[in-house]
Amino acid sequence: MIDITYSPRVAEARETGRPLVALESTIITHGMPWPENVETARAVEAEVRTSGAEPATIAVLAGRLHVGLSDAELDALGRAEAVAKLSRADFAACLAAGGTGATTVAATMIAARLAGIEVFATGGIGGVHRGAETSFDISADLAELAQTPVTVVAAGAKAILDLPKTLEVLETSGVPVIAYGQDAFPAFWSRSSGLDAPLRMDSPDEIARAARMRAALGLPGGQLVANPIPEADEIAADTLAPVIAAALDAAAREGIAAKAVTPFLLDHIFHATGGASLTANIALVKNNARLAARIARAFAALDR
Ligand code: PSU
Ligand code: MN
């Protein structure tokens with residue numbers, strides 16, 4: 001088994017049985033500009049603590065898998081320019097070579113499972129990109145949800161994606177997609193995608209029980225909890241549609257491909273909305289952190 005470096009706070013939480021919430025690091029290095037990325041990472045950790053759990057931000061630093069980062073480590077990661085974006089495919093190679101990298105949803109799920117953490121909060125998962133019928137660009141996050149038993153709390157999949165196709169792939173892979181407190185599948189910056197989520201749950205307890213039942217059935221894989229952005233912070237889907245279209249056009253013109261696609265689109269939309277997309281993104285991640293902490297506590301309550 002791999003030797004994991006736990007931060008002192010995470011190590012203590014593990015010893016005392018305090019519930020833990022995993023957090024990813026690609027959102028810090030590739031999802032937001034500096035300094036908002038580091039400020040947001042800290043604010044998200046604070047939300048988890050206020051909600052009664054301990055945050056464990058995950059990254060690879062100089063060939064070591066870190067679960068829980070110190071303030072200085074978080075800051076260095078947020079300022080670094082050319083950090084690798086690690087998904088399932090590049091995770092092991094980076095560790096073996098002694099490299100440094102930020103973990104995506106897929107790689108964070110793998111690390112969370114190794115650390116015994118059952119719930120993970122992020123902004124939006126990767127999914128099926130528009131035009132995937134020709135590009136074949138489907139995020140490894142979906143395949144990870146199908147095989148690694150971690151409950152992922154996100155505000156749906158990013159609206160830059162093809163959401164109907166994303167839901168189809170999740171269904172084919174047998175991943176429970178649970179809208180929290182509403183019927184509609186959220187669309188990241190907006191509360192509704194216009195599509196219904198296959199499942200709906202209204203309490204953290206239901207979500208924790210469903211995860212444990214899945215394991216009891218011997219089914220591999222996790223669950224996606226799709227938590228809508230708070231009403232006060234949402235950007236109407238109509239406002240964003242032309243911005244997303246322009247970002248996709250720019251990506252096509254510039255020949256952006258593979259793992260560069262998601263960061264390129266997010267950055268383009270950030271500039272095109274004068275920063276409004278980032279403000280909404282920050283609000284939804286914090287909201288997801290709060291729900292994930294409540295789910296972590298519900299898991300802990302099932303063990304008592
Ligand atoms: N959601 C965000 N910002 C991000 C990401 C998600 O709000 O930066 C990152 C996550 O790490 C996710 C990754 O796993 O984008 C998906 O990238 P790809 O489509 O290349 O798999
Ligand atoms: Mn991709």
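This is a predicted model: local features need pLDDT of at least 70, side-chain atom pairs count only at pLDDT 80 or more; totals for chains, interfaces and linings use all residues.
Q: How are the ring planes of F188 and W189 arranged?
A: The structure holds one aromatic pair. The ring centres of F188 and W189 lie 4.7 Å apart, and the planes stand at 85 degrees. Planes over 60 degrees apart count as edge-to-face. So the pair of F188 and W189 is edge-to-face.

Q: Is helix 6 roughly parallel or roughly antiparallel to helix 8?
A: The axes of helix 6 (residues 105-114) and helix 8 (residues 140-147) come within 8 Å and cross at roughly 25 degrees. Angles under 35 degrees count as roughly parallel. Helix 6 is therefore, relative to helix 8, roughly parallel.

Q: Which residues of helix 8 make the contact with helix 6?
A: Helix 6 brings V105, A106, M109 and I110 to the contact. By class, the contact has six nonpolar, no polar and two charged residues. From helix 8 come A140, D141, E144 and L145.

Q: How many residues apart are R18 and E54?
A: R18 forms a salt bridge with E54, with the closest N and O atoms 3.6 Å apart. R18 sits in the loop between helix 1 (8-16) and strand 2 (20-23), while E54 belongs to strand 3 (residues 54-61). The pair links distant parts of the chain, and the separation is 36 residues.

Q: Which residues are linked with R18 and E54 in a network of salt bridges?
A: Side chains of opposite charge can pair when their charged atoms come close. The structure holds 17 salt bridges. The network that includes R18 and E54 also takes in R9 and R49.

Q: Where in the chain is R212, the salt-bridge partner of E118?
A: The side chains of E118 and R212 meet at 2.9 Å, N to O. E118 lies in the loop between helix 6 and strand 7 (119-121), 94 residues from R212. E118 is partly exposed at 29%, and R212 is partly exposed at 25%. R212 is in helix 10 (residues 204-216).

Conventions
Residues are numbered from 1 along each chain as its sequence is written. Chains are lettered from A and ligands numbered from 1 in the order in which they are written. Side-chain values use heavy atoms; hydrogens and water are left out. Axes are lines fitted to C-alpha atoms, for helices over the stretch in contact, and angles run from 0 to 180 degrees between N-to-C directions. Helices (H or I, at least four residues) and strands (E, at least two) are DSSP runs, numbered from the N terminus. Angles under 35 degrees count as roughly parallel, over 145 as roughly antiparallel, 65 to 115 as roughly perpendicular and the rest as oblique. Contact means heavy atoms within 4.5 Å. Ala, Val, Leu, Ile, Met, Phe, Trp, Tyr, Cys and Pro count as nonpolar, Asp, Glu, Lys and Arg as charged, and the others, Gly among them, as polar. Rings of Phe, Tyr and Trp (its six-membered ring) pair if their centres lie within 6.5 Å; planes under 30 degrees apart count as stacked, over 60 as edge-to-face and the rest as tilted. A salt bridge is a side-chain nitrogen of Lys or Arg within 4 Å of a carboxyl oxygen of Asp or Glu. Buried means under 20% relative accessible area, exposed over 50%, partly exposed in between (1.4 Å probe, protein chains only).
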